[in-house]
Amino acid sequence: MKGHTVPASDKELVRIEGVHKFYGSHHVLRGIDMTVKQGEVAVLIGPSGSGKSTLLRCVNHLESISAGRIRVNDELIGYRERGGKLHELHVKEIARQRRNIGMVFQRFNLFGHKTALENVMEAPIQVKGKDKSSTKRRALELLDRVGLSERAYHYPAQLSGGQQQRVAIARALAMDPELMLFDEPTSALDPELVGDVLNVMKDLARSGMTMVVVTHEIGFAREVGDTLTFMDGGVVVESGNPRDVIANPQHQRTQGFLSKVL
Ligand code: ADP
Ligand code: MG
């Protein structure tokens, strides 16, 4: 039990239905169905190459999909549907949808010539046209929230990997997203830096943020995940309550995978 201060609602914030993805003739996602309710933390695990990153990238339309539907807050992502056919949205519409979906990658991709504070302030000012003083106040609050108020004026090169990743999380939050996607946010970090990043993510989960998290951190899944989904070969092999899936996996492929990461 993660002790939500904000209870998860019954509203389905993310609805993925029958999603297929081909890269050329390579069939990478083979009919994915998944829903995430508002305020839930959905953890996604699976072997390398199983399609986890591709699925996350489809959710904010960094990748197109070959079939199916992805909806966030009832809005079709990346497409408009007409007569049963999907037509890709204009880039401006796609950008508007993406603003509502924060994404944190394995590599932090901070602007190296900007301070932590400037990195967090960049998108609200450039993309949302917010004024500088209120954006700065909010950015400082967010840096405080991720435990980096002392580091606001440091450049990425002066920060540890874990600190940079926490800046990246603050930067994503600065856009006030409704949904946060995390793609192995701790797998590039030295082991001693993983805990601080996971703690920030746990805090975010407790605040009621809806999150989809790809990770090999099974402890995180058990502690804060509302659901645990195991993918292999572009399909969802099984999904359920994290404790049940971990203690009692129903499929041999899940058992085999868990025995390697536990
Ligand atoms: P995971 O994140 O689970 O490791 P990925 O979604 O990154 O898996 O990759 C799934 C499969 O899709 C892999 O076989 C990978 O090689 C392939 N793939 C991923 N991205 C591309 C791409 N841009 N072009 C072609 N193939 C890709
Ligand atoms: Mg990946």
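This briefing describes the strands, helices and ligand surroundings of one structure. The model is a predicted one. One open sheet has six strands with mixed pairing, and another open sheet has four strands with antiparallel pairing.

- The backbone takes part in polar contacts with ligand 1: a polar backbone atom of G49 lies 2.7 Å from an oxygen atom of the ligand, and a polar backbone atom of G51 lies 3.0 Å from an oxygen atom of the ligand.
- A side chain also takes part, as a polar side-chain atom of K52 is 2.8 Å from an oxygen atom of ligand 1.
- Ligand 1 taken alone exposes 560 Å², of which the protein buries 60%.

**The four-stranded sheet**

- The strands of this open sheet follow the order β2-β1-β4-β5, and their pairing is antiparallel.
- Strand β1 (residues 12-23) runs antiparallel to β2 and is joined to it by nine bridges. Within this pair, E12 of β1 stands opposite K37 in β2.
- Helix α1 packs on the sheet, where it touches β1, β2 and β4 (67-72). The direction of α1 makes about 60° with that of β2.
- β1 is also joined to β4, in the antiparallel sense, by five bridges. Here E17 stands opposite R69 in β4.
- β4 and β5 pair in the antiparallel sense over two bridges, and the bridge partner of R71 is L76 in β5.
- The hairpin of β4 and β5 has two residues between the strands, and N73 takes a positive phi near 50° there.

**The six-stranded sheet**

- This open sheet has the strand order β8-β9-β10-β3-β11-β12, with mixed pairing.
- Its edge strands are β8 (101-104) and β12 (235-240), each of which pairs on one side only.
- From one strand to the next, the twist averages 15°.
- Strand β9 (residues 179-183) pairs with strand β10 (residues 210-214) in the parallel sense, over five bridges. The bridge partner of D183 is V214 in β10.
- Helix α6 (residues 191-206) lies across β3 (41-45), β9 and β10. This helix runs at about 150° to β10.

- Strand β6 (residues 79-82) and strand β7 (residues 85-88) pair in the antiparallel sense over four bridges.
- In this pair, R82 stands opposite K85 in β7.
- Two residues lie between β6 and β7 in the hairpin, and G83 in the turn has a positive phi of about 55°.

How values were computed:
Residues numbered from 1 in each chain as written. Chains lettered and ligands numbered in written order. Predicted model: local features only at pLDDT ≥ 70, side-chain atom pairs only at ≥ 80, totals over all residues. Heavy atoms only, no water. Polar contact = N/O pair within 3.5 Å; in protein donor to acceptor, adjacent residues only side chain to side chain. Areas by Shrake-Rupley, 256 points an atom, 1.4 Å probe, with all protein chains shown as cover. Pairing = 2+ DSSP bridges. Axes fitted to C-alpha atoms, helices over the stretch in contact; angles between N-to-C directions. Contact = heavy atoms within 4.5 Å.
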